Amino acid sequence: MTAVSAVKAALKTQAIETPSWAYGNSGTRFKVFAQPGVPRTPREKLDDAARVHQHTGVAPTVALHIPWDKVEDYAALAKYAQELGLRLGAINSNVFQDDDYKLGSVTNPDPAVRRKALGHLLECVDIMDATGSRDLKLWFSDGTNYPGQDDIRARQDRLAEALSAVHERLGENQRMLLEYKLFEPAFYATDVPDWGTAYAHCLKLGPKAQVVVDTGHHAPGTNIEFIVALLLREGRLGAFDFNSRFYADDDLMVGAADPFQLFRIMYEVIRGGGFTPDVAFMLDQCHNIEAKIPAIIRSVMNVQEATAKALLVDGEALSAAQRSGDVLAANAVLMDAYNTDVRPLLAEVREELGLDPDPIAAYRRSGWAEKIVAERVGGTQAGWGA
């Protein structure tokens, strides 16, 4: 098999999970901008996700967010997804929107609030049982705003207690993915602020506990690919939340701010053996001012392009340059791959999969945008208020 053939074969195996919430209305803390045709129900979100998969061929799963995607019958929702050619992916918990969580959820000093939060996390595992989902995604807004507000160490003890209870509840083929975030909404001390904290908790829990790397959740200048390489080396990288950031956690389209960083990350994924189903490639974005479905299609394409470039790195030439200490030659190997225009290659991959080579153009011709604007009238659009 030629190098190009091998790259094409690898690209055909890629799967990128789209988030249900990205199809709904979103915005900033000041304003949510509604768009016509936005889904009103979880099923309509799946309808839109099916269009993304139809045009890209690599977006077969959809992450749910509870209670944003709460339904009476989760098995029926999973069956509906299957009828659309999709599967339900990660179940995302929500312990950050209730008034009770003002001082934290699982780390709250009030035992009653901690019990409520843990109950929700265990409910999410029940939902996983019904949907057949493998992954439970945990992100906690817990933290403090002022020195002395609460006992930092005690909060870690409470966090560990809750995580242990959830880990014990998981089924044989289920995992928990622990996400971290530098800051926001807690501005003094966030309880899971970095990969080291997440890794330490996961290490103590066991192999079913894995770390999620959200590309927007780091301090400026952080070498994210180093974190990826280390977590892969330790067998603890469970998933990505792909997005872009310019200042803080902007949740912009992946590849929009620094496509070279995305390429470097994907190179370390491939170099470290992470280009497998064991590492979930998920989008975590909000499309506040742009049309949602085309933005998600474009995001999937951005991940594909970064992956293709990373697959084109000449590993033998790179290793030789590294062994000889030829700094410029080693860097040039990476730059040659990054500067390759892989769009014609990906167009060929799509054609070989029976897809239109230009997913955005195909979507625009499909008439889906006009259809949902005309049909989704009345009711309450999905999204979060501000």
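These legends accompany several close-up views of a predicted protein model. Residues are numbered from 1 along each chain as its sequence is written, and side-chain values use heavy atoms, with hydrogens and water left out. In this predicted model, local features need pLDDT of at least 70 and side-chain atom pairs count only at pLDDT 80 or more, while totals for chains, interfaces and linings use all residues.

**View 1. The whole chain, to get your bearings.** The protein chain has 14 helices and ten strands; these are DSSP runs numbered from the N terminus, helices being H or I of at least four residues and strands E of at least two. Its radius of gyration is 21 Å, close to the 21 Å that the globule rule gives for 386 residues, so the chain is as compact as a globular protein of that length. That radius is taken over C-alpha atoms, and the rule is 2.2 Å times the number of residues to the power 0.38. The C-alpha trace spans about 60 × 60 × 40 Å along its principal axes. Of the 386 residues, 53% count as buried, where buried means under 20% relative accessible area, exposed over 50% and partly exposed in between (1.4 Å probe, protein chains only).

**View 2. T61 and its surroundings.** T61 is found in strand β2, residues 61-65. This threonine is buried, with a relative accessible area of 11%. Leaving aside neighbours within four places in sequence, T61 is in contact with I16, E17, T18, R87 and G89, contact meaning heavy atoms within 4.5 Å.

**View 3. S105 in its loop.** Look for S105 in the loop between β3 (87-92) and α4 (111-131). S105 counts as buried, at 0% relative accessibility. Not counting residues up to four places away in sequence, S105 touches V95, V113, R114, A117, F140 and D142.

View 4. The structure holds eleven aromatic pairs. In one of them, the rings of W195 and Y199 have centres 6.4 Å apart and planes at 40°, so the pair is tilted. Rings of Phe, Tyr and Trp (its six-membered ring) pair if their centres lie within 6.5 Å; planes under 30 degrees apart count as stacked, over 60 as edge-to-face and the rest as tilted. Both residues lie in helix α6 (residues 195-205), four residues apart, about one turn of the helix. W195 is partly exposed at 23% relative accessible area, whereas Y199 is buried at 15%.

View 5. F275 counts as partly exposed at 21% relative accessibility, and F281 as buried at 5%. F240, F242, F275 and F281 form one aromatic cluster.

View 6. A cis peptide bond joins I66 and P67, with omega about 15°; P67 lies in the loop between β2 and α3 (74-83). The bond from E184 to P185 is cis, with omega near 5°. E184 has a positive phi of about 80° although it is not a glycine, and counts as buried at 17% relative accessibility. P185 is found in the loop between β6 (175-179) and β7 (189-190). D251, in the loop between β9 (237-242) and α8 (259-271), has a positive phi of about 55° although it is not a glycine. D251 is buried, with a relative accessible area of 13%.
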